[in-house]
Amino acid sequence: MPRSGPEVSPFEGAAAADEGREAPVSSVTGVAAQASSVPEGGTPVAVEDPFVGLQAFAETEGQAREEAVRLAAVFKREVPVGLPLSPVRKELMEQLARQQLEQAGYIISRPQTMVVVDRNPAVQRMALFLAMPGGSEGTDWPLIGSAHVSTGTVGRKHYYITPTGVFINTADRLGYRALGTKNENGIMGIGVKGMRVWDFGWQEAEKGWLPSREKGPIRLEMHATDPVYLEQRLGRTASAGCIRIPATVNVFLDRYGLLDAAYEHKALEDGRFKALLRPDREPSVVAGVTVVVVDTAHPKDSDKTAALKDGIGHKPTSG
């Protein structure tokens with residue numbers, strides 16, 4: 001059945017991200033019911049081209065590359081926590097992202113910004129690329145910027161391993177913004193007031209606390225985190241399944257609309273999307289819609305490395 005309007009996140013307005021929470025077993029309708037049919041990993045559903053109807057978009061590869069150079073300079077200036085990415089690491093992340101896109105049937109129809117997250121416990125990095133058309137062996141992807149993240153951890157009950165795959169910021173879902181309030185532990189789980197939360201819907205993820213790695217549905221989101229207690233710990237697995245990013249990266253993606261191509265189009269006809277987008281935004285002509293999660297770790301090394309990085313003494317926190 002087609003939906004008459006976008007799905008609104010069930011966590012909208014929450015003081016802390018309810019990431020990693022299983023779909024309510026009592027629900028038999030709505031978004032929770034969709035969890036039982038979620039495919040393994042993130043795969044794009046049949047959605048209309050998110051770039052159709054945009055008033056401004058790079059028309060040539062040269063224009064797109066010029067915009068990538070401009071964004072890289074802005075990233076360097078506005079994201080002080082940005083980190084260099086070695087050519088070897090860049091090539092590997094790009095290669096794995098291309099593989100995920102190919103497996104998901106996602107065709108890059110035009111140059112577009114794309115966030116690639118490496119969930120490898122020994123890496124925990126995000127890279128913002130200008131993804132170029134051309135398939136698995138196509139033109140190289142210019143790097144705009146990179147920074148530490150935190151993804152799902154193991155060994156803590158109800159904490160899931162962030163799934164790999166392709167996740168789209170489709171206009172079928174309406175994200176939200178943090179209120180900046182604190183949870184019972186004094187933590188702002190999704191950051192200070194106004195921080196953007198990108199909602200990628202229900203996804204299947206491994207239960208990191210079970211040796212069997214049984215899977216269950218989680219609400220996958222990407223968001224900032226507590227600026228005092230948790231942001232300094234980015235770079236290690238820590239979340240309950242979502243992707244934590246630095247606040248300055250959050251603002252950068254939000255201000256330049258780098259994952260909001262579909263939202264910009266939807267905002268022309270739906271006031272809810274217009275209200276969510278920043279009033280001072282400067283949408284880029286290479287804006288995209290996609291986050292790709294990869295893992296550069298050898299499968300047998302993942303759990304061991306995660307346990308070493310997590311330690312055993314810190315208390316669990318939300319988000």
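Buried here means under 20% relative accessible area, exposed over 50% and partly exposed in between, with a 1.4 Å probe and protein chains only. Helices (H or I, at least four residues) and strands (E, at least two) are DSSP runs, numbered from the N terminus. This is a predicted model in which local features need pLDDT of at least 70 and side-chain atom pairs count only at pLDDT 80 or more, whereas totals for chains, interfaces and linings use all residues. Residues are numbered from 1 along each chain as its sequence is written, and side-chain values use heavy atoms, with hydrogens and water left out.

**Helix α3**

Select residues 87-104, the 18 residues of helix α3. From first C-alpha to last, α3 reaches 26 Å, close to the 26 Å expected at 1.5 Å a residue; the expected span is 1.5 Å times one less than the number of residues. Next, display the side chains of its buried residues: Lys90, Met93, Glu94, Leu96, Ala97, Arg98, Gln100, Leu101 and Ala104. Their cover includes β2 (112-118), β3 (125-131), β4 (143-148), β6 (165-168) and β12 (290-294). Step past the end of α3 to Gly105, where phi is positive, near 75°.

**The sheet**

In what order do the strands of the open sheet lie? The order is β4-β3-β2-β12-β6, with mixed pairing; two strands pair if DSSP finds at least two bridges between them. Because β4 and β6 stand at the edges, each with a single partner strand, one side of each has no neighbour in the sheet. The twist averages 20° from one strand to the next.

Axes are lines fitted to C-alpha atoms, for helices over the stretch in contact, and angles run from 0 to 180 degrees between N-to-C directions. Helix α3 also packs on the sheet, its direction making about 110° with that of β12.

**Two loop residues**

Select Gln124, in the loop between β2 and β3. Gln124 has a positive phi of about 50° although it is not a glycine, and its relative accessibility of 0% counts as buried. Move to Arg213, between β9 (196-207) and β10 (215-223). Arg213 has a phi near 55° and is buried at 17% relative accessible area.

How values were computed: Contact = heavy atoms within 4.5 Å.
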